[in-house]
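Dear colleague,

Please find the structure below, together with its sequence.

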Amino acid sequence: MGQVSMSNARSYDLAEFPPPSGREEVWRFAPRAALKPLLEDAPSDGRLRWETTLSEDVTLTQITSEQARERAASAPVDRISALAAKHADGARLLDIQADASHPEPIVLDLVGVGREPVTWGQVLIDVGAGAKATVVLRFSGAAQYAGNLSVVVGDNASLELVSVQNWSDDSVHAGHFATRIGRDARLRSVLVTLGGEAVRLVQTVDYDGPGGDADIRGLFFADAGQRFEHRSFVDHSQPHCRSNVVFKGALQGERARSVWVGDVLIRANAVGTQTYEINRNLLLDDGPRADSVPNLEILTGDVAGAGHASATGRFDEEQVFYLRSRGISEEEARRLVVLGFFADVLDGIDVPMIRAEVMRAVEAELGYRREVQ
Amino acid sequence: MTELKIHELHVEVESDGGPKEILRGVNLTVVSGQTHAIMGPNGSGKSTLAYALAGHPAYRITGGSVTMDGEDVLDMSVDERARAGLFLAMQYPVEVPGVSVSNFLRTSVTAVRGEAPPLRSWLKEMRSAMADLNVDSSFAERSVNEGFSGGERKRHEILQMGLLNPKFAVLDETDSGLDVDALKVVSEGVNRVRAGGEVGVVLITHTTRLLRQIPVEFVHVMWQGRIVAEGGPELADEIEANGYEQFIGAGVAG
Ligand SMILES: Nc1ncnc2c1ncn2[C@@H]1O[C@H](COP(=O)(O)OP(=O)(O)O)[C@@H](O)[C@H]1O
Ligand SMILES: [Mg+2]
């Protein structure tokens, strides 16, 4: 059982986060060459294009940087997120009123319009007490984007959130995905990272009261040359909360590279905590490399359950043989095995349209062409 | 009428000490409608024959031929063999996490029949096939073979045999791990397919238990990678009474 590796420093003060040398624990896996422009303290007027049609009861507003600070789930965790907070020129706020219920998913499309100039951005999602909503973010296009996504789930509220990173092959995306969960509130987040030269997302989970429930999932598919890094830090600072972290990755091709670091800290007062985290990576050929580091640090004697698991393995040809021995073509068999591998993350995507979209994207990564029926 | 002809089949596997010959010239001809048993002690090469017929990549064919009505089976890929009508019920069916039984069965049936069955009639067909094998309907939503008991795995194999309706089925130790009731259910499942009169069946087993439920016309005894004795059902009775000792050594070179 290791100590959590993420620094607990959370701050808007850039001085807290000097440019990394690469020796720091939190940067040692990072694709620093690709991230370089996002580590430089320079303003930019680059913006993503928002392509969103919202129903009338949903309000999307522009707020100032000061307002964003007051409402954000957490202060920045690293240099990139501190720079994004500094240079983003305010934030977009999706405000979901207390006790509101949104059975239809709210879909926000954020499109990169080019690598230059660098884009700093902030998005806040605030789910009022007792409200219930499903939000989907889809990132696409070309960009070098440093973005903070903040999610506050009020007391007794429930949010399903899916964020799909499907950038062009030359894009870079890094940032802080900050989540804060109220008393007896529930969050399910699913990060789906499919496209981009380098994507590095740091997710923090904080609790505001007892009874919070965090279901944190992620799926990524890294191709030749792609570098994806996902870090999650669940800070159990309240009693009787739950966290379940599931990240699944598939990798194929030369220099496909992934990193998953899952930190869970159970503080002394967080009695009755229940937590489990798991990362599994599937290597589809000899080219890729996946690093997987679970860290669980327990500072109380009274936990309801705590565990972690991590495994990286080669594609199981016995599974393909079994399916093929039933007449299923090799291509279709591989598709079934890979989608099956991702099933427990895909099942967490409540929106059928988005789930189907992600499945099609995974099929496309495999080079699978669906036959027209 | 269709004929599955195995002629002088030699098969080797990769082992620590280099390639190792397991099958050393197997001859067997099965005609549609017939039921054969291959018996033999553990390690004699029965599963190797089954896997080699199905085309498992670990088993390299170094000599001989396998044909189905003159067509070269060894030239076909694993899935082509299945679509041509060859079915192997495996001794150790493989878990495929995250792929539901219903999705698997439908994909497989679509591949073998060459077209997707209409959804409504398919659901009816699948449910009734499952009911025939005393399989709970919740089975359809479970991942293929994952967490299945030994008996459930074997039932699942025979469920597939029924739905895929092969020309030739090789059932590898389908009786192992089954209690008396499950053995009866599974045997009835096999017998239902046999009742069509079209399928040629090869039962692989090292005990006579299954042969009391599924009548066979031909019994072949395998030992050290060869068929060393052949006969009718009486051969199974002899094995039951006296074991394999009488055959061991017979016909074995070296
Ligand atoms: N994949 C394999 N790799 C190495 N040795 C194998 C493999 N499969 C079978 N064998 C060996 O071949 C021999 C026959 O095995 P098998 O065909 O499983 O026998 P049976 O089914 O009659 O019990 C055994 O000595 C076994 O260890
Ligand atoms: Mg065997």
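The shell around ligand 1 has four nonpolar, six polar and two charged residues. In this classification Ala, Val, Leu, Ile, Met, Phe, Trp, Tyr, Cys and Pro count as nonpolar, Asp, Glu, Lys and Arg as charged, and the others, Gly among them, as polar. Among the residues of this shell are Val13(B), Lys20(B), Gly43(B), Lys46(B), Thr48(B) and Tyr59(B); a residue is near a molecule if one of its heavy atoms lies within 4 Å of it. With three residues, α1(B) gives the most to the shell. Helices (H or I, at least four residues) and strands (E, at least two) are DSSP runs, numbered from the N terminus.

This is a predicted model, in which local features need pLDDT of at least 70 and side-chain atom pairs count only at pLDDT 80 or more, whereas totals for chains, interfaces and linings use all residues. Residues are numbered from 1 along each chain as its sequence is written, chains are lettered from A and ligands numbered from 1 in the order in which they are written, and side-chain values use heavy atoms, with hydrogens and water left out.

Chain B gives 34 residues to the contact and chain A gives 19 residues, where contact means heavy atoms within 4.5 Å. Between them they bury about 1900 Å², 66% of it on carbon and sulfur atoms; buried area is the accessible area (1.4 Å probe) that two parts lose on being put together, summed over both.

Two salt bridges are found across this interface (a side-chain nitrogen of Lys or Arg within 4 Å of a carboxyl oxygen of Asp or Glu). One salt bridge joins the side chains of Arg324(A) and Asp79(B), at 2.7 Å from N to O. On the side of chain B that touches chain A, α3(B) has the largest share, six residues.

Yours sincerely
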